[in-house]
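Biologist: I'm new to this one. Could you walk me through how to read it, feature by feature?

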Amino acid sequence: MQSSSSSYFSRLLAGLGVAASLSGLIVMLLLPGIRLAAWGVLALGVALLTVAFVLDFRNVTRAVTGRRGLFGAGTGVMAAIFIGIIILVNAVSITNYKRFDITSLGQFTLTSKTKEVLAELDRPVEVQFFFGVASEIDLTLRSYAESLLNEYKNFSDKLTVRFIDTDEQPELARQNEVSTYSTSVFKSGDLRRVVFPWQLVVLNNQGQVSAIEAENAFTSAILEVTGKVQKRVYFLTGHGEAGIFSNASNGYNNARKGLQDNLFQVGTLDLAVNPRVPDDMVALIIVGPRDPLTSNEFDILKRYLADGGWMMLMLNPNSPENFRQIVEDWGVRTEEGIVIDEQSFVSPNKDFPLVTRTRFAPFMAVAEAYFPGATAIFQKDDAPENLEITPLAYTTLESWLEKDLDPKSEPVFTEGADIKGALALGVLIAVNLPEEADEGFKDTRLIVFGDSDFASNQHFFDGNNGDVFLKAVNLLTTGKELISIERKVLPFRRMLVTREQVNFITYSSVAVLPLLVLFAGAVIWWRRR
Amino acid sequence: MRLRSIIVLLLLFFVAGGAFYVYGRPKPLPPKQPRLFVWLVEVEELQRIEIRLPLEGKSQVFVLGEDRYWHFDDAQKTGVDINRWGGGIPLLLSGPGADRVIARDAPMEKLAEFGLTEPRMEILLTLTDGQKLDIGVGNETPSGKAFYVKAPDSSDVATVDISWYTVIERLVKEPPYEPKPST
C-alpha cells in the first residue's frame with residue numbers, strides 16, 4: 001500500500017516535472033522578455049523530475065535497463081543523432097550552397113532574351129562598373145552587379161567585366177564621365193553607353209529602394225553598343241487608359257516589365273501634349289480607354305493606321321465610341337455586352353471566359369488564358385477584301401454575348417437579344433500582301449482585343465495571360481528591321497484550378513502525409529502485435 | 001543491428017559535424033575599425049595655422065596669442081570672429097576624420113591623379129613644440145562628396161568629407177574678421 005502510494009506520488013511529480021520543463025522551454029522560446037522566469041520554471045521541472053527519479057529509483061532503473069527501456073533508448077539515440085545530422089547539414093547549407101535553375105527557360109537566372117543577345121555577341125564588349133563604398137546601397141548594388149555580370153560572362157566570352165573603385169581611380173572615372181557611384185559603362189568599339197544607378201533600382205511609393213533590376217538596363221546597353229536598336233512601343237495615355245507604371249490591380253506595370261524583359265523599349269504617348277506619332281515608334285498599344293479621343297487625336301490615329309502603322313487596341317465593354325470607330329474602318333466591330341461562356345470559364349465567374357490551347361490561333365501556342373469581363377469582336381460583312389482577319393482567341397459554342405448582364409443573377413442566354421458563340425475575343429487584322437507589292441506598300445497591322453483586364457497586374461501572371469499579351473505584341477511587331485523578335489517569350493505560368501480542385505489540393509497536402517504516417521504506424525503495430 | 005545503425009548514424013553525424021566545422025561555422029565579424037584620422041594632434045598643441053589656396057593665389061595665417069585667443073597674423077594681431085572660429089576650427093584642423101584610406105605610400109603618378117602634386121589647398125600647422133605639419137588637399141573625388149588629402153610627412157592618401165574642406169577654404173576666401181560694431 002505504501003509502495004503504491006509512493007509510486008503514484010513519484011509519477012505525479014514526474015508529470016508535473018515534464019509539464020514544468022515544457023512550459024519553461026515554450027516560454028523561453030516565445031517570450032524571451034521573461035526568460036529569467038522561464039529558466040526558473042525549467043529548473044523547477046528538472047528538480048521535480050529528479051525528486052521523482054530518486055523516489056522511484058528502482059522502477060526507473062528497471063524501466064531503463066529492461067528490454068523495452070534499452071530498445072527505447074536505442075531508438076531515442078538514433079532519432080537524436082538523425083536530428084543532429086539534419087541540423088548540421090542545414091547549418092552548413094546556410095553559408096555553402098549551389099543554385100540550380102532547372103526551369104525550361106532558366107527563369108531564375110537570366111531571361112532567354114539576354115542569353116540570346118549574349119550568345120549572338122560577335123564583337124568584344126567591355127563593362128566597367130564604378131563602385132563606391134560610401135553607403136549600404138552602393139555595396140548592395142556592387143554585389144548585385146557583380147553577381148549578374150558574372151552570370152552574363154557565363155554566356156559569352158566576348159564580354160569582359162571590370163570592377164573599378166571610383167575613388168581609387170578618379171582619372172578613369174573622369175575619362176568615362178562617371179560622377180556617381182555604381183555607374184556602369186558599356187563599351188564596344190567607338191560605341192559607349194552609360195547605365196546610371198537609378199536605372200537599376202525600383203522605388204516604392206515612399207521613394208525607397210524596393211528592388212534592384214539591372215538585367216533590362218544591362219542587356220539594352222549591350223544591344224546599343226553593339227549597334228542594335230531595340231524596338232520601342234508606346235502606350236497611349238490621356239483617355240483613362242491603364243497606367244504602365246501603376247501597381248494598382250488594374251495597372252499595367254507587370255506588362256511593361258514583361259515587355260522590357262523581352263527587350264522592348266517602352267514609352268508613353270500623350271497626343272494632347274505631342275500631337276504626332278514619334279518617329280521611333282514601332283507599335284502603339286491602347287489599353288482600355290475610358291474617355292473619347294479628341295477629333296485631332298482621332299485623325300492622327302486613323303492616319304497612322306492608314307499609313308501602315310501597327311496598333312494593338314484593347315477595348316473593354318462600353319468603350320468610347322470613336323475608339324470603336326477606328327477598328328470599324330478595318331473590317332471588325334465590337335458590340336455592347338459581356339461574353340459569358342458556360343462551358344469554359346474561371347470558376348465561379350462565367351464572365352471570365354477561359355480559352356484553352358485549341359481555341360487560340362496555332363501561332364499563338366498558348367496553353368490557356370482567360371479574359372475577365374470581355375466583349376467580343378465581330379467581322380463586318382463588308383470587311384475590305386484585302387484584309388486578312390484572323391481570330392487570335394475564341395470562346396466555346398456554349399458562350400454568348402450577354403447584352404443585359406445582371407450581376408445578382410445567373411446569366412441566361414436570351415434568344416433574339418444576346419449573340420450566340422463561338423465569339424472572337426481578339427483578332428489580328430493584316431493587309432494582304434499583293435503579288436507585286438512595291439516599297440510603298442502599307443503593311444498595316446491591327447490587333448483588337450475585347451478586353452484589357454487579362455494583362456493587368458491582377459491577372460498578368462495567372463494562366464498564360466501575360467504570355468498572350470507578350471506574344472500579341474511580338475506578333476504585331478515582327479518584321480521591323482530592328483533586333484530579331486523571333487524569340488521565345490518569357491513565360492509566366494500559374495495553375496488555374498476550380499474550387500473543387502483547390503479543396504483537393506488543400507486537404508490532400510494537409511492530410512495525406514499525416515495519414516500515411518498513421519497508416520504506416522498502424523501496419524507496424526499490427527505486425528508486431 | 002541497432003548498434004550498427006547507431007554507429008553508422010554516428011559516423012554520418014561526425015562527417016556532418018566536420019563539414020560544419022570546416023565550412024559552416026559563422027565567421028567572426030571583422031573587428032570594428034577605429035576611426036581613422038588623416039593626422040591627429042591635440043587642439044592645445046596648435047600654435048600657428050597657415051592655409052594657402054595656390055591656384056587662387058590666396059592665403060591666410062592665424063596664430064594663437066598669449067591670451068590663448070586666435071588672431072590673424074597681421075601687424076595688429078586682429079582677433080578672429082569668435083562666433084565663426086569658436087572651438088570648431090582648431091578641432092577641425094587638429095585632425096579630420098578620414099572617410100576612407102585610399103592609398104598607402106602612393107607613388108607620384110597616383111598622387112598626381114589625386115591632384116596632390118599640385119594641391120588646391122595647402123595647410124601648414126605649427127605646433128607648440130615647433131614641429132610642423134604640411135598637409136595637401138587635392139582634387140574632389142569623382143562623386144564630388146569628398147576631397148583627397150595627403151597625410152603630413154607621408155604619401156598616404158585619404159578622403160575627407162567635402163564639408164571639412166568648405167569650412168577651411170572659407171577661412172581664406174572669407175576671413176573670419178570680427179564684425180564691425182554698429183554705430
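Modeller: Phe163(A), for instance, has its place in strand E2 of chain A. Keep in mind that this is a predicted model, where local features need pLDDT of at least 70, side-chain atom pairs count only at pLDDT 80 or more, and totals for chains, interfaces and linings use all residues. Residues are numbered from 1 along each chain as its sequence is written, chains are lettered from A and ligands numbered from 1 in the order in which they are written, and side-chain values use heavy atoms, with hydrogens and water left out.

Biologist: Is Phe163(A) partly exposed or buried?

Modeller: Buried means under 20% relative accessible area, exposed over 50%, and partly exposed in between (1.4 Å probe, protein chains only). Phe163(A) has 24% relative accessibility, so it counts as partly exposed.

Biologist: And which residues does Phe163(A) touch?

Modeller: Contact means heavy atoms within 4.5 Å. Leaving out residues up to four places away in sequence, Phe163(A) touches Phe129(A), Phe131(A), Arg142(A), Ala145(A), Glu146(A) and Leu149(A).

Biologist: How many residues of helix H5 of chain A are buried?

Modeller: Helix H5 (residues 112-119) is mostly covered, with six of its eight residues buried. Those are Ser112(A), Lys113(A), Thr114(A), Lys115(A), Val117(A) and Leu118(A). They pack against several elements of chain A, including strand E2 (159-165) and helix H12 (465-477).

Biologist: Now the cores. Which residues touch the most other members of the largest nonpolar core?

Modeller: A nonpolar core is a set of buried Ala, Val, Leu, Ile, Met, Phe, Trp, Tyr and Cys residues joined through side-chain atoms within 4.5 Å. The largest has 75 residues, and Phe371(A) and Phe469(A) touch the most other members. Strand E9 (residues 281-287) of chain A gives the most to this core, with seven residues. Apart from it lies another core, of 33 residues, with Leu46(B) and Val172(B) among them.

Biologist: How many aromatic pairs does the structure hold?

Modeller: Rings of Phe, Tyr and Trp (its six-membered ring) pair if their centres lie within 6.5 Å; planes under 30 degrees apart count as stacked, over 60 as edge-to-face and the rest as tilted. Over all chains, the structure holds 23 aromatic pairs. Take Phe460(A) and Phe469(A): their ring centres are 6.4 Å apart and their planes at 70 degrees, so the pair is edge-to-face. Both residues are buried. Ring pairs also link them with Phe235(A), Tyr252(A) and Phe461(A) into a cluster.

Biologist: What lies over the face of Trp310(A)?

Modeller: A charge sits over a ring if NZ of Lys or CZ of Arg is within 6 Å of the ring centre and within 35 degrees of the ring normal. Over Trp310(A) lies Arg445(A), at 4.0 Å from the ring centre. Likewise, the charged end of Lys420(A) sits over the ring of Phe413(A), 5.0 Å from its centre.

Biologist: What about the backbone: which residues does a cis peptide bond join?

Modeller: Gly421(A) and Ala422(A), with omega at about 10 degrees. Ala422(A) is in the loop between strand E19 (419-420) and strand E20 (424-431) of chain A. Over in chain B, Arg68(B) has a positive phi of about 70 degrees although it is not a glycine. At 51% relative accessibility, Arg68(B) counts as exposed.

Definitions and conventions:
Helix = DSSP H or I, 4+ residues; strand = E, 2+ residues; numbered from the N terminus.
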